[in-house]
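Look at the model below and keep the sequence beside it. The paragraphs after it begin with one pair of side chains and then widen to the whole chain.

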Amino acid sequence: MFGLGMQEILVIALIVLLLFGGKKIPELMKGLGKGVKSFKEGMNEVSETFEEKKDEKEL
């Protein structure tokens, strides 16, 4: 995963746990999930718009 080994991932997870605490992590992950979902929706809209413009030029 991104060129990281298991030890690096564990160190990063430990640092995040220390910085934010156990109670904040679910909220952070929820926000991250919403952000990723929004990004994917935006990319789909761009892709659809691109395809529509491409189809208009072919006519």
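Glu27 forms a salt bridge with Lys24, and their closest N and O atoms are 3.9 Å apart. A salt bridge here is a side-chain nitrogen of Lys or Arg within 4 Å of a carboxyl oxygen of Asp or Glu. Side chains of opposite charge can pair when their charged atoms come close. Glu27 and Lys24 are three residues apart in helix H1, so about one helical turn separates them. By this rule the count of salt bridges comes to one.

This is a predicted model, in which local features need pLDDT of at least 70 and side-chain atom pairs count only at pLDDT 80 or more, while totals for chains, interfaces and linings use all residues. Residues are numbered from 1 along each chain as its sequence is written, and side-chain values use heavy atoms, with hydrogens and water left out.

How open are the two partners? Glu27 is exposed, with a relative accessible area of 53%, and Lys24 is partly exposed at 46%. Buried means under 20% relative accessible area, exposed means over 50%, and partly exposed lies in between (1.4 Å probe, protein chains only).

The protein chain has one helix and zero strands. Helices (H or I, at least four residues) and strands (E, at least two) are DSSP runs, numbered from the N terminus. Helix H1 covers residues 6-58, and Leu19 is located in it. Leu19 counts as exposed, because its relative accessibility is 64%.

Leu19 also belongs to a nonpolar surface patch of about 740 Å², whose other members include Val11, Phe20 and Met29. Patches are made of residues with over 30% relative accessible area and no salt bridge; like charges are joined within 9 Å, and nonpolar side chains (Val, Leu, Ile, Met, Phe, Trp, Tyr) within 5 Å. Accessible areas come from the Shrake-Rupley method with a 1.4 Å probe, and for residues only the protein chains shown count as cover.

Leu4 lies in the segment before H1. At 35% relative accessibility, Leu4 is partly exposed. Leaving aside its neighbours within four places in sequence, Leu4 is in contact (heavy atoms within 4.5 Å) with Ile9 and Ile12.

Finally, consider the whole chain. The C-alpha trace spans about 60 × 25 × 10 Å along its principal axes. Of the 59 residues, 0% count as buried. The chain exposes about 5,700 Å², and carbon and sulfur atoms supply 66% of that area.
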